[in-house]
Amino acid sequence: MLVAGCASATDTASPETSGEAASTARSVVAAAPPTVEVTELLTGLNKPWDIAVAPDGTLLTGQRGGGFVARRPDGTVTRPTADLSDLYVSGETGLMGIALDPGFASNRRVFTCQGHRGDGPTDVRLVAWTVDPEWTSLTRTGVVLSGLPSAGGRHAGCRILPAPDGTLFVGTGDATIPTAPQDPHSLGGKVLHINTDGSPAAGNPDPASPVYTLGHRNVQGLSFRPGTGQLYSVEQGTHRDDEVNLLVPGGNYGWRPDLEPGRYIEAVPMTDPDRVPGAREAVWSSGMPTLATPSGSFLLGPGWGDWSGALAVGTQQGEKVLLLGLTPDGLGVERQASLLDGRYGRIRTVSGQPDGTLLVTTDNGRDDVVLRLTPRP
């Protein structure tokens, strides 16, 4: 199937978007999207939250309600067994982010972010597993990081991004705890930077803490811009202003919903420089209404033509893959287009691959699919 997406509107800014973010959003120009070939790789799934690809080409995904699915390079499908007896599934929480250890070729280690319910407090945890060569079983090897807040399952976040230096970045949600985003001692509403054993990575603002950035609502997308080393997050907004943010160590991105003591007030701006002095403005903001943006990944390879190096963003309410062409300095967006408009429903994860394809998972709750988008001239 060859699909050319529809270009989106030229003005995505809300009157409530302020400062640099508003002017950036208003300057975005609609552009012609690339043509892609769409291939269904896996079908009949239920909310496949994330996807990872092994060096041999095996594709691993997990369904939010529990259970892993692997597709081998020859097309055969296995459902690896795994002990998920403590999995906490509620609202937006369950089996979420999946990533392969940077040393997977030798250690066959897999990381997952998942809700946890046991004898102690319910939380979200980063769990380590090893997978057998036949992709028939995942065996737990330990908890890498625990204590990510979870309150009734809302705003769980938890996207895992392996870095080139072998460390891990982890995006988290604020769990609707009013003080969490601005509390440096809470792991909620943050981007964390850790080693694969869970210890804080070198270069964090506080060497004793995994916190890399703060002031986030619900970070569900993380991606490095090719050739630059720039790290971007994609964040879900309230009724307005989904955001793309350029992350810097110690950066505060301005989400502070504790307008009244003890209450989680979502009427405040996503980026609030008045109540959070020095808050960093978003590179892109959706305006109103939100598209619901749960993922982001850069397009790799020359096959994308003028769109090579653009940021692809999954949208749930928007039911499309949004393409954002960043300015050369990476501080704004100069053009945008979209793919798959309404064709597959809600989009959860987008994942740019070294072979130049884009993997996509849907989030409809029934008959969900994993797609491969291949750019075509």
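Hi everyone, and thanks for coming. Some ground rules before we look. Residues are numbered from 1 along each chain as its sequence is written, and side-chain values use heavy atoms, with hydrogens and water left out. Since the model is predicted, local features need pLDDT of at least 70 and side-chain atom pairs count only at pLDDT 80 or more, while totals for chains, interfaces and linings use all residues.

Let's start with strands. Strands here are DSSP runs of E with at least two residues, numbered from the N terminus. Two of them pair if DSSP finds at least two bridges between them. As a reminder, strands of a sheet pair through backbone hydrogen bonds, either parallel or antiparallel.

Please find strand 10, residues 123-131. Which strands does strand 10 pair with? On one hand, strand 9 (109-116) is joined to strand 10 by eight bridges, running antiparallel. There, T112 has V127 of strand 10 as its bridge partner. These two strands make a hairpin, with six residues between them. On the other hand, strand 10 is joined by eight bridges to strand 11, again antiparallel. Here A128 has G142 of strand 11 as its bridge partner. That pair is a hairpin too, with six residues between the strands, and W135 in this hairpin takes a positive phi near 60 degrees.

Is strand 10 mostly covered or open? Mostly covered: seven of its nine residues are buried. Buried means under 20% relative accessible area, using a 1.4 Å probe and protein chains only.

Now for the cavity. On a 1 Å grid over the protein atoms alone, a cavity is a set of points where a 1.4 Å probe fits but cannot get out, and its lining residues have an atom within 4 Å of a point. Grid points are joined across faces, edges and corners, and the volume is the space filled by probe spheres set on the points. By this rule there are two cavities of 30 Å³ or more.

Which residues line the second largest cavity? They are D86, Q114, G115, H116, R125, V127, R140 and V143. Strands 9, 10 and 11 each supply at least two lining residues, and strand 9 gives the largest share, three. By class, the lining has two nonpolar, three polar and three charged residues. In this scheme Ala, Val, Leu, Ile, Met, Phe, Trp, Tyr, Cys and Pro are nonpolar, Asp, Glu, Lys and Arg are charged, and the others, Gly among them, are polar.

Next, strand 13, residues 168-172, where five of five residues are buried. L168, V170 and T172 point one way, and F169 and G171 point the other way. Strand 13 pairs with strand 12 (residues 157-162) in the antiparallel sense over five bridges, and G157 has T172 as its bridge partner. Five residues lie between the two strands of this hairpin, and G166 in the turn has a positive phi of about 90 degrees. Strand 13 is also joined to strand 14 (residues 191-194) by four antiparallel bridges, with L168 opposite I194.

Last stop: an open sheet of four strands, in the order 4-5-6-7, with antiparallel pairing. Strand 4 pairs with strand 5 (residues 59-63) over five bridges, and P48 has Q63 as its bridge partner.

Note on methods: 1 Å grid on protein atoms, 1.4 Å probe; cavity = no way out; pocket = protein on both sides within 12 Å on 5 of 7 lines; lining within 4 Å. Buried < 20%, exposed > 50% of the residue type's maximum accessible area, 1.4 Å probe, protein only.
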